[in-house]
Amino acid sequence: MRLTQRDKVLLLAFVLLAIWALGIWFFVKPKIQDVGKANDDLTAINQEYTQVQQDLESAKTVKEDCNEILKQAQTNGGSFYGMQRAYEAEDIVETLLSNASNPIEITNMTITGPNAIAIVPYTVEDEAGLDIPIIDSVTNGGQETQQTPTTNTLTGETVACYNYSVNFKATKENLLKFLDKVPTSNNKASLVVTNLAITDYLSDELEGNMSFTLYFIIELPGSNVDELMEQLGIGDAAAEESAS
């Protein structure tokens, strides 16, 4: 069977059309699909990148907040004594009591601890009677009472402490001077008088017993949280150092 010129042209056109269709199906369409998938992947990656950027900004803010909290904690902790051994805690009060400027006579001292104790902040709601010194008790019919302010107790924190008990002799004036001196001794505010018992309030020379509590906490090292974690052996920096 002989093909006419018209048949040859039609056959050639059909072959070319078939090749074109097969080319689109096997080559062009997969490439289009690849481009679409790549666009989807790019969109997902961009979204993930945006999320990572947001997380990094949030982490940066959290870290900055942590550094501010650390600085505030170190400032607040500066009022406390650092970690103390028993003999170190004893030396602190012995130095205070044996100082030449100490106006009272101490006959003996005992120390117990360390103990854990909860300390709570408070605000004074009723200031009636607060201008009366602790040893200026009100006498009613021979019964000595003491003014106590009304307080509002808040949530407390547990810290370590040592407790001291001393017997003393002093004039009223010298005892008051000593009581004013204790809270600021050694530029700390965590050595406080917790109890004061006087045998005879009307005597020229007062005798009695006084109790102290010395609160101490672990000092937080470093100028930022990374240094703090490294020095305390916490986190990636410490792990890398241990591995090396």
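Tyr162 and Phe216 are both buried in this predicted model. A search of the whole structure finds three aromatic pairs, and the rings of Tyr162 and Phe216 form a stacked one, because their centres lie 5.4 Å apart and their planes meet at 20°. Since Tyr162 belongs to strand β6 (residues 157-171) and Phe216 to strand β8 (residues 205-216), this pair ties together parts that are 54 residues apart in sequence.

Phe178 and Phe212 form an aromatic pair that is edge-to-face, with 6.3 Å from centre to centre and 80° between the planes. This pair, too, links distant parts of the chain, for Phe178 sits in helix α3 (residues 172-181) and Phe212 in strand β8, 34 residues apart. Phe178 counts as buried because its relative accessibility is 1%, and Phe212, with a relative accessible area of 1%, is buried as well. Together with Tyr164, the residues Phe178 and Phe212 make up one aromatic cluster.

The geometry of these two pairs is set out below.

| Aromatic pair | Centre to centre | Angle between planes | Arrangement |
|---|---|---|---|
| Tyr162 and Phe216 | 5.4 Å | 20° | stacked |
| Phe178 and Phe212 | 6.3 Å | 80° | edge-to-face |

Strand β8 also holds Ser211, a residue that counts as buried because its relative accessibility is 16%, which falls under the 20% cut-off for that class. Leaving aside residues up to four places away in sequence, Ser211 touches Tyr164, Ser165, Val192, Val193, Thr194 and Asn195. One of these contacts, Tyr164, is a member of the aromatic cluster with Phe178 and Phe212.

Helix α3, which carries Phe178, also contains Lys172. The C-alpha atoms of Lys172 and Tyr201 are 8.8 Å apart in space, although the two residues are separated by 29 residues in sequence.

Elsewhere in the chain, the peptide bond that joins Gly113 and Pro114 is cis, with an omega of about 5°. Pro114 is part of strand β1 (residues 105-119).

What lines the second largest pocket? Its lining consists of Ala73, Gln74, Gly77, Gly78, Phe80, Lys188, Ile217, Ile218, Glu219 and Leu220, and these residues divide into five nonpolar, three polar and two charged. The space in this second largest pocket comes to about 160 Å³.

Turning to the chain as a whole, the secondary structure comprises five helices and eight strands. Read from the N terminus, these elements follow the order α-α-β-β-β-β-β-β-α-β-β-α-α. The chain exposes about 17,300 Å², of which carbon and sulfur atoms supply 55%.

Methods. Residues are numbered from 1 along each chain as its sequence is written. This is a predicted model: local features need pLDDT of at least 70, side-chain atom pairs count only at pLDDT 80 or more; totals for chains, interfaces and linings use all residues. Side-chain values use heavy atoms; hydrogens and water are left out. On a 1 Å grid over the protein atoms alone, a cavity is a set of points where a 1.4 Å probe fits but cannot get out, and a pocket is an open set with protein on both sides within 12 Å along at least five of seven lines; lining residues have an atom within 4 Å of a point. Grid points are joined across faces, edges and corners, and a volume is the space filled by probe spheres set on the points. Ala, Val, Leu, Ile, Met, Phe, Trp, Tyr, Cys and Pro count as nonpolar, Asp, Glu, Lys and Arg as charged, and the others, Gly among them, as polar. Helices (H or I, at least four residues) and strands (E, at least two) are DSSP runs, numbered from the N terminus. Accessible areas come from the Shrake-Rupley method with a 1.4 Å probe; for residues, only the protein chains shown count as cover. Rings of Phe, Tyr and Trp (its six-membered ring) pair if their centres lie within 6.5 Å; planes under 30 degrees apart count as stacked, over 60 as edge-to-face and the rest as tilted. Buried means under 20% relative accessible area, exposed over 50%, partly exposed in between (1.4 Å probe, protein chains only). Contact means heavy atoms within 4.5 Å.
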